[in-house]
Amino acid sequence: SSMSYMQQLNVDKLKIDMSFVQTMTQETGKAAIVRAIIALGHSLDLDVIAEGVETEEQMDVLRKLHCDIIQGYVISKPLPALDVETFFKRRYNEE
């Protein structure tokens, strides 16, 4: 029933819960759910966000599945707002 809300609400993003992301590389069932969520989101023209990404392996799988946005410790721990600019400057000046 919660899927029907997606049609009623004005949304442009779909977030994959970290409970699926964190075990998707060990459990084929979770990987199938992640793959299906990404496909569903894209078919509805939504950006898909994966939360709780903690390893390079998880990030690689999500990239291969064309997940739009990665969120988690593999990118950075939560930062105070004042530190975000410094984080981006360091991250992209090094690459």
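A salt bridge here is a side-chain nitrogen of Lys or Arg within 4 Å of a carboxyl oxygen of Asp or Glu. K15 and E51 form such a bridge, with the closest N and O atoms 3.9 Å apart. This is a predicted model, in which local features need pLDDT of at least 70 and side-chain atom pairs count only at pLDDT 80 or more, while totals for chains, interfaces and linings use all residues. Residues are numbered from 1 along each chain as its sequence is written, and side-chain values use heavy atoms, with hydrogens and water left out.

**Sheet**

- Three strands make up an open sheet in the order β1-β2-β3, with parallel pairing; strands (E, at least two residues) and helices (H or I, at least four) are DSSP runs numbered from the N terminus, and two strands pair if DSSP finds at least two bridges between them.
- β1 (13-16) and β3 (69-71) are the edge strands, each with a single partner strand, so one side of each has no neighbour in the sheet.
- From one strand to the next the twist averages 20 degrees; axes are lines fitted to C-alpha atoms, for helices over the stretch in contact, and angles run from 0 to 180 degrees between N-to-C directions.
- β1 and β2 are joined by four bridges in the parallel sense, and K15 is opposite I49 in β2.
- Strand β2 (residues 47-51) pairs with β3 over three bridges, also in the parallel sense.
- A50 has I70 in β3 as its bridge partner.
- Helix α3 (residues 28-43) packs on the sheet and touches β1 and β2, its direction making about 175 degrees with that of β1; contact means heavy atoms within 4.5 Å.
- The covered face of β1 carries L14 and I16, and the uncovered face carries K13 and K15.

**Salt bridges**

- The structure holds four salt bridges, including K15 with E51.
- That pair links distant parts of the chain, with K15 in strand β1 and E51 in strand β2, 36 residues apart.
- K15 is partly exposed at 44% relative accessibility, whereas E51 is buried at 18%; buried means under 20% relative accessible area, exposed over 50%, and partly exposed in between, with a 1.4 Å probe and protein chains only.
- K30 bridges to E27, and the closest N and O atoms of this pair are 3.9 Å apart.
- E85 and K89 meet through their side chains in another salt bridge, at 3.0 Å from N to O.
- E85 and K89 both belong to helix α5 and are four residues apart, about one turn of the helix.
- E85 is exposed, with a relative accessible area of 52%, while K89 is partly exposed at 49%.

- Rings of Phe, Tyr and Trp (its six-membered ring) pair if their centres lie within 6.5 Å; planes under 30 degrees apart are stacked, over 60 edge-to-face, and the rest tilted.
- By this rule there are two aromatic pairs.
- The rings of F87 and F88 have centres 5.3 Å apart and planes at 70 degrees, so this pair is edge-to-face.
- F88 and Y92 form a stacked pair, 6.0 Å centre to centre with 5 degrees between the planes.
- F88 and Y92 are four residues apart in helix α5 (residues 81-94), and therefore about one helical turn separates them.
- F88 is partly exposed, with a relative accessible area of 42%, and Y92 is partly exposed at 48% relative accessibility.
- F87, F88 and Y92 form one aromatic cluster.

**Q58**

- Q58 lies in helix α4 (residues 56-64) and is buried, with a relative accessible area of 4%.
- A polar atom of the Q58 side chain lies 2.7 Å from the backbone nitrogen of E54.
- Apart from neighbours within four places in sequence, Q58 is in contact with V21, Q22, M24, T25, G52 and V53.

**L82**

- L82 lies in helix α5 and is exposed, with a relative accessible area of 79%.
- The C-alpha atoms of L82 and Y5 are 36 Å apart, and the two residues are 77 residues apart along the chain.

Conventions:
Polar contact = N/O pair within 3.5 Å; in protein donor to acceptor, adjacent residues only side chain to side chain.
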